[in-house]
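Trainee: Before we discuss this entry, may I see the sequence and the model together?
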Amino acid sequence: MSNSIEKKMVPDSDLELIEKFQKGEQQAFNQLVLKYQKKIYDLVYRMIRNNEDALDLAQEVFVKAYSNLKDFKREAAFYTWLYRIALNLSFNHARQKKVRSFVSLVELGDTLPAKNNPADDLQQNQITMAIDKAVLTLPKKQRSVFVLRYYDQMPYKQMSEVLGKTEGSLKASYFQALKKLQKQLKAYR
Amino acid sequence: MRECKKYQELLPDYVAEELSLDTREKLDQHLVTCPGCQAELQELKSTLAILEQDKKYSELKIAEPDFLVGVRSKIEKRTRPSRIAVFRPKWMAAGLAMVLVILLGWSLFKEDITSLTNKDTANLSSGEAAEENLAETELNQLLTPETDESLDQLYIQLAKDYYQNEDLVTVLSDFSQSDFETLENKMKNINLNIK
């Protein structure tokens with residue numbers, strides 16, 4: 001009796017949830033969404049630097065996962081698979097919308113918490129805008145490496161699984177990304 | 001220099017204190033003797049300090065239940081069959097296909113004759129013109145039947161011959177566009193039974 005209660009207290013693993021979903025249990029998919037929504041939303045936002053589109057795109061990631069989950073092979077971890085979908089959709093979004101620069105202050109205003117001092121707000125907006133612009137000018141591979149490593153603090157081993165690159169090449173890419181950002185953000189030091 | 005490149009790639013992890021003890025010690029030793037890498041380290045630290053501000057200020061907010069509702073709603077929209085698909089009977093598709101085949105056949109027939117007419121008119125030489133005039137006279141006689149019944153018979157014969165006799169097609173190609181359209185309209189009004 002106590003064993004069964006203990007068992008229920010432990011949340012299902014991704015694979016268990018996927019198996020349940022593949023057997024027709026829709027609730028299992030909801031649990032996967034709830035588990036990963038914040039991470040995927042953050043990842044997509046960091047990649048495209050637009051709050052409104054990020055919400056829509058992060059939801060698209062799960063819609064795509066839903067349609068392909070029936071054929072999900074257990075060769076890769078679920079999060080690896082989900083991250084790959086998120087990165088691909090972010091790249092496609094960037095290509096479609098040509099989000100290479102010029103993130104408007106209005107959009108940024110939505111993402112920033114209100115502060116008391118307008119001068120601080122202005123300065124902060126300028127810095128955030130400069131960072132957005134700098135990140136968006138990074139090449140695809142470097143941008144994904146930077147986002148996964150810097151914001152997500154993902155270990156190189158996991159990054160290697162998501163991006164299909166060696167750890168050595170990921171370290172080099174991360175350093176190169178930081179060097180490019182350094183050049184772009186020189187004025188704000 | 002090559003050695004510096006290798007060490008510089010380790011700098012981000014050095015700042016994040018994520019290097020193994022052994023690697024960290026080696027890098028420390030290198031930094032003591034290399035002003036270039038020391039400068040690189042300082043640059044990197046100041047860049048990371050700017051990026052840190054973005055990290056602090058861009059705390060993202062999403063209303064979690066709303067997110068799931070949005071996902072579910074999108075899935076629902078994508079998987080719901082369209083109304084048109086629900087109310088489209090199979091016989092309608094078959095009927096439409098048949099109509100399309102008939103229309104396509106008719107338009108190809110018309111196109112074939114029109115192109116032949118244009119081609120032959122353009123290529124007509126003076127010697128050939130006399131022969132063609134004769135043929136036209138004979139055909140005009142043929143096309144001036146005395147009764148409607150014989151006219152219908154003639155059109156049926158012409159239609160049959162179109163498919164069976166290439167020479168006749170050549171003759172028909174000498175029709176003017178208006179003559180051909182007259183013939184075409186009359187053919188549309190009679191019940192063709194070509195086997």
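This is a predicted model: local features need pLDDT of at least 70, side-chain atom pairs count only at pLDDT 80 or more; totals for chains, interfaces and linings use all residues.

Trainee: What makes up the elements of chain A, helices or strands?

Mentor: Chain A has 10 helices and 0 strands. Helices are DSSP runs of H or I with at least four residues, and strands are E runs of at least two, numbered from the N terminus.

Trainee: Which residues of chain A touch the most other members of the largest nonpolar core?

Mentor: Among them are Ile40(A), Phe146(A) and Met159(A), in a core of 55 residues. α3(A) gives the most to this core, with 11 residues. The set is called a nonpolar core because its members are buried Ala, Val, Leu, Ile, Met, Phe, Trp, Tyr and Cys residues joined through C-beta atoms within 7 Å. Buried means that 20 or more other C-beta atoms, placed from the backbone, lie within 10 Å of a residue's own. Such residues make up 38% of the 189 in chain A.

Trainee: How many residues of chain A are in contact with chain B?

Mentor: 31 residues of chain A are in contact with 25 residues of chain B; contact requires C-beta atoms, placed from the backbone, within 7 Å. α3(A) gives the most to that side of chain A, with 8 residues.

Key: Residues are numbered from 1 along each chain as its sequence is written. Chains are lettered from A and ligands numbered from 1 in the order in which they are written. A residue is buried if 20 or more other C-beta atoms lie within 10 Å of its own, exposed if 12 or fewer, and partly exposed in between; C-beta atoms are placed from the backbone. Two residues are in contact if their C-beta atoms, placed from the backbone, lie within 7 Å.
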